[in-house]
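The following exercises ask the reader to work through a single protein chain, from its overall form to individual residues. Each task is followed by a solution in steps.

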Amino acid sequence: MSQEKAPVTAAVRALRQHKVAYTEHLYDYVEKGGTAESSRQLGVPEHAVIKTLVMEDEARKPLIVLMHGDCETSTRNLARQTGRKHIEPCSAEVANRHTGYLVGGTSPLGTRKAMPVYVEKSIMALDRIYLNGGKRGFLVGLDPKSLLPLLQAELVEVANPHE
């Protein structure tokens, strides 16, 4: 477990600015470890570790999807529910450019560009979620309900459980 102090990222500054209560959770980042690795190290359910996915529509306009760590996103359903023709994940380079964060450390908070944010509706049923804090190996724990006003997010139902 990492003994260093939690970083002050753009995401942390956004939480502080909006007076959102949160806890800091550092872990040892593992390349390609994903939410399974962070949930294992932090001892929290993977379902409560929320992925920040950067995608783009047919016009190459970026958007963010927040999804349970143990679920996949149905891009077809997402396109249908948001009135777009097509949605697909961005390349890592494009995602980095839109957000200002490195992939693996992407937070929906404090992004370089303002983008529409879509949140899987079932996330709101959780008491506490763990979201990337803007740096690899750093999650923030918070009440999911505090996110909606902050992100001006829209709820969608696009989760597919992992096979």
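The exercises below concern this predicted model.

**Exercise 1. Overall form**

Determine how many helices and strands the chain has, and how its radius of gyration stands against the globule rule.

Solution. Step 1: the secondary structure consists of five helices and 10 strands. Step 2: the radius of gyration is 15 Å, close to the 15 Å that the globule rule gives for 163 residues, so the chain is as compact as a globular protein of that length. Step 3: along the principal axes, the C-alpha atoms fill a box of roughly 45 × 35 × 30 Å.

**Exercise 2. Burial, contacts and surface**

State what share of the residues is buried, what share of the contacts joins residues at least 24 apart, and how much accessible surface the chain has.

Solution. Step 1: of the 163 residues, 51% are buried. Step 2: the contacts to consider are those between residues at least 6 apart in sequence, and 62% of these join residues at least 24 apart. Step 3: the accessible surface is about 8500 Å², and carbon and sulfur atoms account for 50% of it. Step 4: for the charges, the mean position of the 21 positive ones lies 7 Å from that of the 19 negative ones.

**Exercise 3. A salt bridge inside a helix**

Locate Glu37 and Arg40, and decide for each whether it is buried or exposed.

Solution. Step 1: the whole structure contains five salt bridges, and one of them pairs the side chains of Glu37 and Arg40 at 2.7 Å, N to O. Step 2: both residues belong to helix 2 (residues 34-42), where they are three residues apart, about one turn of the helix. Step 3: an α-helix has 3.6 residues a turn, so residues three or four places apart point the same way. Step 4: with the limits for buried at under 20% and for exposed at over 50%, Glu37 is buried at a relative accessible area of 15%, whereas Arg40 is exposed at 57%.

**Exercise 4. Salt bridges between separate parts of the chain**

Identify the parts of the chain that are tied together by the pair Arg84 and Asp57 and by the pair Glu88 and Arg60.

Solution. Step 1: the side chains of Arg84 and Asp57 form a salt bridge (3.1 Å, N to O). Arg84 is in the loop between helix 3 (75-82) and strand 5 (87-89), while Asp57 is in strand 2 (residues 49-57), so this pair ties together parts that are 27 residues apart in sequence. Arg84 and Asp57 are both buried.

Step 1: Glu88 and Arg60 are joined by a salt bridge between their side chains (3.7 Å, N to O). Glu88 lies in strand 5 and Arg60 in the loop between strand 2 and strand 3 (62-68), so the parts tied together here are 28 residues apart in sequence. Glu88 is partly exposed, at 29% relative accessible area, and Arg60 is exposed, at 53%. Step 3: through shared partners, salt bridges link Glu56, Arg60 and Glu88 into one network.

**Exercise 5. Packing of helix 2**

List the buried residues of helix 2 and name the strands against which they pack.

Solution. Step 1: Thr35, Glu37, Ser38, Ser39, Gln41 and Leu42 are the buried residues of helix 2. Step 2: these residues pack against strand 1 (23-26), strand 2 and strand 8 (138-142). Step 3: just after helix 2, Gly43 has a positive phi of about 70°.

Terms used:
Residues numbered from 1 in each chain as written. Predicted model: local features only at pLDDT ≥ 70, side-chain atom pairs only at ≥ 80, totals over all residues. Heavy atoms only, no water. Helix = DSSP H or I, 4+ residues; strand = E, 2+ residues; numbered from the N terminus. Rg over C-alpha atoms; globule rule 2.2 N^0.38 Å. Buried < 20%, exposed > 50% of the residue type's maximum accessible area, 1.4 Å probe, protein only. Contact = heavy atoms within 4.5 Å. Areas by Shrake-Rupley, 256 points an atom, 1.4 Å probe, with all protein chains shown as cover. Lys, Arg positive; Asp, Glu negative; His and termini not counted. Charge placed at Lys NZ, Arg CZ, Asp CG, Glu CD. Salt bridge = Lys/Arg side-chain N within 4 Å of Asp/Glu carboxyl O.
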